[in-house]
Amino acid sequence: MSPPASTKVDLLIVGAGPAGLALANWFRGANIKVLIVDKKPGPTPRGQAEGLKSTTNEIFDSYGIGPQVTAESWRLEEIACWGTRKDGGEGIVREQVIPDKVAELGKPRETMLQQSRVEHHMLHNILSHDNIEIRYSTAPISVDVDTSCVHETDTFPVSVSLEKVTTNTNTTNGDTTNGTNCHATNGHHINGQNGHQPDEHDAPSDKISAKYIVGCDGARSWLRKQLDVSLEGDLTDSVFGVVDMVPKSNFPDIRRVCYLRAASGTILLVPRSNKEVRMYIPVESGTALPDPKDLTFDRVMDAARKIIAPYTMEVGSVSWWSAYRVRQRVGNHFSRLNERAFLVGDAVHTHSPKAGQGMNTSIQDAYNLGWKLRLTLKGKVRSSGARQDLLRTYESERRPVALDLIAFDKGFLKLFAAPSAQFDTEILQALKFTTGLSIRYPPSCAVQLPKGIEQLGPSLLKADLVPGKRLPDFRVVYQADGVPTWMHKRLSATGQFRVMIFAGDISDSTTSKRLHEVGKYLGESKSLKHVVMPQSEQEPLVEVLVVHCAERDLVDFLALPEVYRPWSDESGYDFWRVFADVESVHDGHGRAYERLEIDRQVGCTVVVRPDGYIGAVLEVDDVECVERYFEGMNV
């Protein structure tokens, strides 16, 4: 028997769902070879996850597919809360209608687009790049990791055997039931899991050597089992049905987001495009909990009709439905083997879909990991120790997010199991939590606290400029032409850091002089010049942006230091680095300084990581701390 073919790749991604495709989008056009494998025969055809939170839509903007996703999505504007009648009568009654809005965001909180279409746009965004390959109907069957060389830069310590999948397997959410053997050389052994063990008659179709491997392969992750990572948590006593359908109903709020609370449980109803709605429906079974596999569509709909009575609910058409039992668990590790193997999304945390966090959290996991792998694989991090420190922040940043999500999910799920006197208050808190406003990554090489500050105080459920939190989105106009833009639309996923200088009113001579001195330093500093002003035409590692609040006609763009408007022999001046916080012709005033609580006279400098999170907040002219930030990361 001839040996399998051998292929070297920089990154092997197991799973082509939302997490795997989001991760791959970081490497479009880069000199990095990526292979994605999935045992499914092709992309997800329909159904699955649905809601897209504002942060996820910002990620799509950074990938360049935001307009396509937005064009197909259904925006959510209002939430109607229904409860049991206070007079003791039967049925439900509308209690209130509230805006589906979080004021701190300054933009819509959530849109609806089914997972299959989300995958479609991410997939087509990478297909035109020949450095990324995707193979469907392909599954890994064994993995070896040579731990003797995991600290070396240009080695391929991960060896994976693949085989073509010809049998009909369960591919829901990327789940896999095939388990195989796995071991690491140099004495490190990883136990294989249930499933067949290859023998001398098996002929894997390919053998892959990789620098890194990432498991994005769903709740029954093959790679998680091979890495001996356990999920910690509970299997709840809740069984739900989820239905995407065109309803024939006299329920008056059928086109609003609705929470319908009755004695038998709470339905979440969400409007979708194409006249459809999605309903999450608790299914009762007396004292015996049903197996989701045994539930019928009629039984799910009977449960829905019982809750929505006295209103009627008939089915016009159904595009997809499913039933599930909620598992709330988090992996004890997100990375293994000296940060050569990682787990992302459902492979390392599972929870109920009620708050619409599954696909969002998976994509955001991938977004966090992607830029760190990109910098590492492009050789932008100078030492082995610094590379490992940076990659370790994936687990230290994302595992607490998963734990917080599980804690939130447990409380949120109770709202659907039984009525609550605090329902309205908890819903409003939930709206803020699900935007990610409470996420703040801990101090690390990539998150540096201000000088003399060892610990920040509470900063929860508020969009503000704090190291470790996401840069709040804000609207400004380009200095050169007055065209308005939201800042996150400008922050393309290129692996670049941004030094964002909120310079204040630079029509003032003192403020203008300060901005010029900072620009001169950044352009001439021995430690920074090579990353902000590279000699070649390639994109710099650090992009310097200016956001001022002077009137545009009082600012001479070409008089600004070159680092703010660099020249290219190919395309001339870069007009897209200087912004003004002023009134736009058609869209009004973004009031960015007011929104971000920045003093117009004092200003500040913010170091923004490639994933849009804040690495440091400094005084405008504290260029030494800017240097120290990048020296601390050893980039």
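What you have here is a predicted model. The protein chain carries 14 helices and 32 strands. Of its 635 residues, 59% are buried. If you take the contacts between residues at least 6 apart in sequence, 74% of them join residues at least 24 apart.

Now back to Arg-272. You'll find Arg-272 in the loop between strand E16 (265–271) and strand E17 (277–282).

Next, the aromatic rings. A pair of aromatic rings is described by the distance of the centres and the angle of the planes. The count for this model comes to 23 aromatic pairs. One of them is Trp-82 with Phe-251, a tilted pair with 4.7 Å centre to centre and 50 degrees between the planes. This pair links distant parts of the chain: Trp-82 belongs to strand E5 (residues 78–84), while Phe-251 is in the loop between strand E14 (231–249) and strand E15 (257–262), and the two are 169 residues apart. Both Trp-82 and Phe-251 are buried.

Compare that with Trp-371 and Phe-497, which make an edge-to-face pair, 5.6 Å centre to centre with 90 degrees between the planes. Trp-371 lies in helix H7 (residues 358–377) and Phe-497 in strand E24 (residues 497–504), so this pair ties together parts that are 126 residues apart in sequence. Trp-371 is buried, with a relative accessible area of 0%, and Phe-497 is buried with 0% as well. Elsewhere, Phe-557, Trp-567, Tyr-573, Phe-575 and Trp-576 form one aromatic cluster.

The charged end of Arg-340 sits over the ring of Tyr-212, 4.7 Å from the ring centre. Lys-107 lies over the face of Trp-486, at 5.1 Å from the ring centre.

H6 (residues 297–308) has 12 residues, and at 1.5 Å a residue they should span 16 Å; the end C-alpha atoms are 17 Å apart, which agrees. Its buried residues are Phe-297, Val-300, Met-301, Ala-303, Ala-304, Ile-307 and Ile-308. Looking down the axis of H6, you'd see these buried residues fall within an arc of 155 degrees, so they line one face of the helix. The spacing makes sense in general terms: an α-helix has 3.6 residues a turn, so residues three or four places apart point the same way. On the other side of H6, Asp-298 and Lys-306 are exposed.

Last stop: Asp-404, in helix H8 (residues 384–417). Is Asp-404 buried, exposed or partly exposed? Its relative accessible area is 44%, so Asp-404 is partly exposed. Asp-404 and Ile-439 are 35 residues apart in sequence, and 9.1 Å apart in space from C-alpha to C-alpha.

Methods. Residues are numbered from 1 along each chain as its sequence is written. This is a predicted model: local features need pLDDT of at least 70, side-chain atom pairs count only at pLDDT 80 or more; totals for chains, interfaces and linings use all residues. Side-chain values use heavy atoms; hydrogens and water are left out. Helices (H or I, at least four residues) and strands (E, at least two) are DSSP runs, numbered from the N terminus. Buried means under 20% relative accessible area, exposed over 50%, partly exposed in between (1.4 Å probe, protein chains only). The expected span of a helix is 1.5 Å times one less than its number of residues. The arc is that of the directions from the helix axis to the C-beta atoms. Rings of Phe, Tyr and Trp (its six-membered ring) pair if their centres lie within 6.5 Å; planes under 30 degrees apart count as stacked, over 60 as edge-to-face and the rest as tilted. A charge sits over a ring if NZ of Lys or CZ of Arg is within 6 Å of the ring centre and within 35 degrees of the ring normal. Contact means heavy atoms within 4.5 Å.
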